[in-house]
Amino acid sequence: MKAIEKTLDTLIQIESQNHKCVVCGKKADCYHHLIGRANPMTRYDKVNLLPVCYDHHRDIHDGKINDWDYIDADREELLAELRKMSYKDFLIFVAKKTENEYLHELKEIWKKSV
């Protein structure tokens, strides 16, 4: 893993502690990636991150909890689009929006989910 990825991963996990677990409401310990971390397009995108406590993060990975049950339809639709895009299509998708439009869309989706 590159040093910058490790640093970003650490910062993302620290930032998650400002939120509550979407499953139980306790303080979140980390973020769960709805689309796996290996996807470079969504790895650090907040729309792809679900704040959870350690116990529920383990339960998600053990298949005891369906992570997609904890997101709304708008977020699910956007993630479904992102999941099937090529990197080129993703860059075009993001570039078609101004930075403010994209940030506004992400904030709206994030507000609904937290």
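Helices here are DSSP runs of H or I, at least four residues long, numbered from the N terminus. I started with helix α2, where D55 and R58 sit 3 residues apart, which means about one helical turn separates them. Their side chains meet in a salt bridge, 3.2 Å from N to O.

I noted that the model is predicted, so I checked confidence. The chain averages a pLDDT of 86, and 95% of the residues score at least 70. Helix α2 has the highest mean, 97, while helix α5 (residues 99-113) has the lowest, 75.

Next I went through the other salt bridges; the count comes to 4. R43 pairs with D9 at 2.6 Å, N to O. R43 lies in the loop between β1 (30-33) and β2 (49-52) and D9 in helix α1 (residues 3-16), 34 residues apart. I list R43 as buried because its relative accessibility is 10%, under the 20% limit. D9 is buried too, at 11%. I also recorded that D9, R37 and R43 form one network through salt bridges with shared partners.

E15 and K46 form another bridge, with their closest N and O atoms 3.2 Å apart. E15 is in helix α1 and K46 in the loop between β1 and β2, so the pair ties together parts 31 residues apart in sequence. E15 is partly exposed at 24%, as is K46 at 32%.

Last, I looked at surface charge. D69, E76, E77 and E81 form a negative patch. D69 belongs to the loop between α2 (54-61) and α3 (73-84) and is exposed, at 56% relative accessible area.

Methods:
Residues are numbered from 1 along each chain as its sequence is written. This is a predicted model: local features need pLDDT of at least 70, side-chain atom pairs count only at pLDDT 80 or more; totals for chains, interfaces and linings use all residues. Side-chain values use heavy atoms; hydrogens and water are left out. Patches are made of residues with over 30% relative accessible area and no salt bridge: like charges are joined within 9 Å, nonpolar side chains (Val, Leu, Ile, Met, Phe, Trp, Tyr) within 5 Å. Accessible areas come from the Shrake-Rupley method with a 1.4 Å probe; for residues, only the protein chains shown count as cover. Lys and Arg count as positive and Asp and Glu as negative; His and the chain ends are not counted. The place of a charge is taken as NZ of Lys, CZ of Arg, CG of Asp or CD of Glu. Helices (H or I, at least four residues) and strands (E, at least two) are DSSP runs, numbered from the N terminus. Buried means under 20% relative accessible area, exposed over 50%, partly exposed in between (1.4 Å probe, protein chains only). pLDDT is the predictor's confidence in each residue, from 0 to 100.
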